Amino acid sequence: MKKVRLLLATLLLVFPLMMQAGDFTVGHKTFLLNGEPFVVKAAEVHYPRIPRPYWEHRIQMCKSLGMNTLCIYVFWNLHEPREGQFDFTGNSDVAEFCRLAQKNGMYVIVRPGPYVCAEWEMGGLPWWLLKKKDIRLREQDPYFMERVRIFEEKVAEQLAPLTIQNGGPIIMVQVENEYGSYGEDKAYIAEIRDCLRHLYGAKQTLFQCDWSSNFELNGLDDLVWTMNFGTGANIDEQFKRLKQLRPDAPLMCSEFWSGWFDKWGANHETRPAKDMVDGIEEMLSKNISFSLYMTHGGTSFGHWAGANSPGFAPDVTSYDYDAPINEYGGTTEKFFRLRKMMQKYSKEPLPAIPAPPAMMISIPPFELTERADIILGADSLVMNSPLLTMEEMGQGWGSMLYIATLPEITSESVLTLNECHDYAQVFVDTAYIGKIDRVRNEKSLRLPAVKKGQELRILVEAMGRINFGRAIKDYKGITESVTLTTEQDGHELSWNLKRWNIFTIPDNLATARRALDLAQRDSSSMFNFQSSIFKGSGYYRGYFTLKKTGDTFLNMEAWGKGQVYINGHAIGRFWSIGPQQTLYVPGCWLKKGKNEIIVLDVVGPSLQAYAPSITNALKLTSTRKIPSQRAPRSSSAASSAPSAASSAPSVTLSEVERSLSPSLFSQNHPELDKLNTEKSRLHNNPADCPDLNSATPVVEGQFAPGNGWQTIRFNGSKRGRFVAIQALSSQSEKPEVAIAELYVRDADGNRLSRESWTVEYADSEEINRGNFTGDKVFDLQESTYWQSARKSPLPHLLVIDLGSEQTISALDYLPRAESSAPGSIKNFKIFVY
Ligand code: GLA
Ligand code: CA
C-alpha cells in the first residue's frame, strides 16, 4: 500500500513536468488543444509585480479559481535596463515563471510587446530609446526596429524552448498590443509578426488584441483576432463585427478588465464583483475564451509604475486593480464569487485554495535617525549648459536639479517651465517659492522681485513615463525652456534662461546609500550648508528589528513624496495626495533581526512624522529637570522652591532639534482609498459655466439609442476653443447621463488630437460611487466614462476646453459599453464658442 502511494505521489509530482509536445491551433469556432476543443480560461498576472518567492503561490491561487492558463506580458525595459545589457535572472526570470506555471499544470499566453501598455513605465519600452531624439516609437523607425529585433531574439532564447510544440506550456504569442488605439500601420504590425513568426516557428498560434471599435484598422489576415473590454460590457455587441468578418473564428476576450488602475490624486477605482462574474459566466456559457485582466495585479515596485494620458496622470504603486486576488495575494469577495461560478464549468472539483505564504504583521513606530541632503545624491553635473532633459544627461529615473543665475527684476515676474516633467520645486537661493505640478497641468508660478546674481534653483522629480497613446515619448526634467516675464512701464519684458548648471540625481539604491554614508561620515562640514535649501527633502535611513517576518503595509501618510527601499528592495513611490497611503512590503523581503529602510522624500516629511520624536524630546527635557529638582533634597539645604529648577542644566533647543527624527510604522492592512488633495476634483466652478441662454447651438437633435460610435455633423464648420454638450434628456427615465468617449473633427472630417484637452466645466460628476469625472470622455479608454451624479436632475452640461481655437465640423460620441448603454443621451444641443 505504502509503495503504491509513493509511486502515485512521485507520478503526481513528475507528471506535469513531462507535458508532451503538443499543439494549440484554431478550429471551427473553437481553439483546439491537441486536436480537442479548448476554452482558454486565462488569468493575467505579471511576474515583476510579484516577488519571486511568491510566484508559485499566486499561480496556485489562479488555479484554485478554475483558470487553466496564465497570461503574461514581457517587459522590455525590465530586461534591457541599459542598451545591450540583458537581465533574465531573479525576479526577471520569465522562463522560470513559465516553468512554474507548467509545473502547476497551467498553460501560458505570452505577450512580448515590444509595447505592452500595462500601466508600466513607458508601456514597457526602454527609456534609452529616447536618446535618439527623432525616434518614431512603435513604427518602422530603423533604429527602433533593430532594437526590437534584438530584444525579441533575447526573449525567444528564454521562451521559444517552452512553446507547446517543444513540450512547454506556451500556447499563444501576442503581436504588439492594442495598436488600434495608437494608429493605423499594418506594415509595422506585419514586421513584428514576421519577427515573432521567425522566432517561435510556423506552428505557433499568433494573435493580436484590440477593441471592437478599432481592430479592423490593423487586423492582419493570418493572425487570430481577440477583443479587449471590461466588466459590464455588452458581450454580444463586442463580438458582433468580428463574427461578421470571420464567422468561423473562435472568440476570445483577451483582456476582460476585472477592475481598473488608480492614479495619484484621483479616486480609487473599483468594479462590481457581480458584473465581472456575470460577464465571465456569459462567455463560458457561449464557449468564449477569456483572459481576466487582472486576476492578480500585484505591485508596480520601484519606479515601474507608468502614467496615463492625455494630461499626465501617473499611476500609483499598488496595482491591486480591484482584482479577485488582491495586491498581496489574498482572497476577496470577488475571488469567492468567481470560484463558485467557475466550479460549474469544471468537471473536476477546483483545487484547494493554497495557504498564504506569509502572515500579516505590523511594525510599531521607529525613527529614521540618519539624514542626507538630496544634493548628496547628485551623480553628474554639467556647467553653463543649455537646458538638457534627463535622457540627454543619460539618466533613466530620478530627479534633476537646474540652477541658473537670475537677472535683476525689480517687480514680481512669472516663471514658466516649458514643460516641467513632472514635479518641480522652485527656490530662489534658499527660499522656497512654490511647486509646478504636471499632474495639475501647472506650468508657471509667480516669483518675487529678485536681485542680479541670485540663484534660481529648480528641483524636478520625474514620475513614471506615459504608457498609453502617442504621449509615450515622454522626456523627463525640463524639456524645452524656462522663461521669466514681467511688465514694466506698460512693456512686457521677458527672459529666456539659457545657461544652466544641471545635476542628475538618480533614483536607485546605490545612490541613496552613498548619500547617507557620505552624510554620516561628514556630518559637520561642507554639505551641511545645503541642508536648509530644499526644505525637508532628502534621504532618511532607519532600522527596525523583527522577531518574526510577514507581509506588512508601510504607512506613508505623514511623508511627502518619493521612493522607499527596504533591505535593498525598491518598494515603490509614495505621495501624500493619495489615494494610496500605504506601501505593500512583502514579508519575503524582510528578515528576523535588523532591517534597513531608506526613504527618499523629495518634499520632506510633515510635522506629523516627527510626533513620536517630539514626545521623546519632551520626555528628555522633563527627565533632565527631575534629578536637578531632587538633588537639593539630599543636601541639608533642602529646598523644593521653584527657583532651584532654573539653576539646573536644561536641554538646549539645538539639542532637542538634533534629537528629532521622522518616524514610520507599518500596519497589517492596506489603505488604498484615502485622497488628500488640495483642490476639489469636480469641475463645477460657477465662474467657468458658460451662459448658453442666448447662444445658438451649432447643432441640436437626438442621439440614437444603443452601443457604438455615432457621428454628429454640424451644418458647416465652426471656429472656437470650447465645445459644450448639453444633455436635455436621457434614453431612460433616469436623469443620469454618461459619455464614454468624445472626439471632434476638423473641416476635412479628421479627428483632432485630444492631447491638450481639459474639462472646463461639468455641472455634475459622480465621484461618490466611483470615479466618473468629465475627463473620462477623453482618456482614450472606451470602458471609462463621465457620469452625472446620481439623481442630479437634467439637463446636464459638459464643456471641453480644446486648449486653443480650432475649426470643428463634427462630433463623435460613444455611449457606455454595457448592453442598453446606460446613461445614453437622447436630446442634445452642441455649442462651440
Ligand atoms: C489595455 C492594455 C493593458 C492595460 C489595460 C488597462 O487593455 O492592453 O495593458 O493597460 O488597457 O489596465
Ligand atoms: Ca473614457
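I started with the backbone of alanine 118: one of its N or O atoms lies 2.8 Å from an oxygen atom of ligand 1. I note here that the model is predicted.

Next I looked at side chains. Glutamate 119 has a side-chain N or O atom 2.7 Å from an oxygen atom of ligand 1. For asparagine 177, I found a side-chain N or O atom 2.9 Å from an oxygen atom of the ligand. On its own, ligand 1 has 310 Å² of accessible area, and the protein covers 100% of it.

Where does ligand 1 sit? I found it in the largest cavity.

I then listed the surroundings. There are 15 residues around ligand 1. Tyr73, Glu119, Glu178, Glu255 and Tyr321 come nearest. I sorted the shell by residue type: 10 are nonpolar, 2 are polar and 3 are charged.

After that I turned to the whole chain. Which domains does the assignment give? I wrote them down:

- Domain 1 covers 2–343.
- Domain 2 is written in pieces: 359–377, 507–605 and 665–675.
- Domain 3 covers 387–498.
- Domain 4 covers 611–661.
- Domain 5 covers 686–832.

Last, I looked at domain 1 and domain 5 as a pair. Their C-alpha centres lie 33 Å apart. I also looked up who takes part in their contact: domain 1 gives 19 residues and domain 5 gives 18.

Technical notes
Residues numbered from 1 in each chain as written. Chains lettered and ligands numbered in written order. Predicted model: local features only at pLDDT ≥ 70, side-chain atom pairs only at ≥ 80, totals over all residues. Heavy atoms only, no water. Near = heavy atom within 4 Å. Polar contact = N/O pair within 3.5 Å; in protein donor to acceptor, adjacent residues only side chain to side chain. Areas by Shrake-Rupley, 256 points an atom, 1.4 Å probe, with all protein chains shown as cover. 1 Å grid on protein atoms, 1.4 Å probe; cavity = no way out; pocket = protein on both sides within 12 Å on 5 of 7 lines; lining within 4 Å. Sits in = over half its atoms within 2 Å of the grid points. Nonpolar A, V, L, I, M, F, W, Y, C, P; charged D, E, K, R; others polar. Domains from an automatic or database assignment. Contact = heavy atoms within 4.5 Å.
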